[in-house]
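Have a look at it first, and then we'll walk through the strands and the ligand.

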Amino acid sequence: MKHVPTSVAIVTTTVGGRPVGLTVGSFASVSLDPALVTFFVDHQSTTWPLMANSDTFAINILGHGQGECCRSFSSKGADRFAGVDWTASDDGDPVLAEASVVLECSKHSTRPLGDHLQVVGQVQKLHVLREELPLVFHQGSFLNLDHLVSA
Ligand SMILES: Cc1cc2nc3c(=O)[nH]c(=O)nc-3n(C[C@H](O)[C@H](O)[C@H](O)COP(=O)(O)O)c2cc1C
């Protein structure tokens, strides 16, 4: 699967007033009406169990210059929010200032699939914080994008 490029998103929520989050490359849009999105969490994740009881979460899609944020939110033991500028959504979920697009979601459903858990979110609000090229992960690196070409 390392040959398949992915977007990079930070899924966030608050637990007992403290922000928690993790990096996912498995974000995908599922349905437009209703607006449903999904991502997949490894059963071995130690961060997701902290987040699992939250009814809401934010999905922060990273732009091309945010590789450091991707690494930080996938590092074990790190204080992932240290030095990170964020504000709380109405539901209290961290909206990262450096994200390019943020989807505020309510949890629609979850189901185990193989060694991952599929999480489906219903999009309640969508914010485009800035128009910029996306952070793209491929073969353990970030793509160096110069510009987009027409599809
Ligand atoms: C680019 C990238 C994409 C990732 N995508 C996922 C993912 O979709 N699902 C997942 O469970 N972990 C994914 N990870 C790994 C988690 O971010 C990370 O291993 C995990 O949060 C750290 O372990 P913890 O959950 O025990 O804190 C990804 C990591 C990187 C760098």
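Let's start with a term: two strands pair if DSSP finds at least two bridges between them. Strands themselves are DSSP runs of E, at least two residues long, numbered from the N terminus. What you see is a predicted model, where local features need pLDDT of at least 70 and side-chain atom pairs count only at pLDDT 80 or more, while totals for chains, interfaces and linings use all residues. Residues are numbered from 1 along each chain as its sequence is written, and side-chain values use heavy atoms, with hydrogens and water left out.

**The strands**

Take β9 (residues 99-113) and β10: they pair in the antiparallel sense over twelve bridges. Within that pairing, E104 has K125 of β10 as its bridge partner. Two residues sit between the strands of this hairpin, and G114 takes a positive phi near 60 degrees there.

β10 (residues 116-128) also pairs with β5, again antiparallel, over seven bridges. Here F40 stands opposite Q118 in β10.

Elsewhere there's an open sheet of three strands, in the order β1-β11-β12 with antiparallel pairing. Its edge strands are β1 (6-7) and β12 (141-142), each of which pairs on one side only. β11 (residues 136-138) and β12 share two bridges, and H138 stands opposite S141 in β12. As a bit of background, strands of a sheet pair through backbone hydrogen bonds, either parallel or antiparallel.

**Around the ligand**

Now for the ligand. Which residues come nearest to it? Of the 17 around it, the answer is S26, S45, T46, T47 and K76; a residue counts as near if one of its heavy atoms lies within 4 Å. By class, this shell has seven nonpolar, seven polar and three charged residues. Nonpolar here covers Ala, Val, Leu, Ile, Met, Phe, Trp, Tyr, Cys and Pro; charged covers Asp, Glu, Lys and Arg; the others, Gly among them, are polar. β3 (18-24) and β5 (36-42) each supply at least two residues of the shell.

Some polar contacts (pairs of N or O atoms within 3.5 Å) are listed here:

| Residue | Protein atom | Ligand atom | Distance |
|---|---|---|---|
| F40 | polar backbone atom | nitrogen | 2.8 Å |
| D42 | polar backbone atom | oxygen | 2.8 Å |
| T47 | polar side-chain atom | oxygen | 2.5 Å |

On its own, the ligand has 630 Å² of accessible area, and the protein covers 80% of that. Those areas come from the Shrake-Rupley method with a 1.4 Å probe.

Key
Polar contact = N/O pair within 3.5 Å; in protein donor to acceptor, adjacent residues only side chain to side chain. Helix = DSSP H or I, 4+ residues; strand = E, 2+ residues; numbered from the N terminus.
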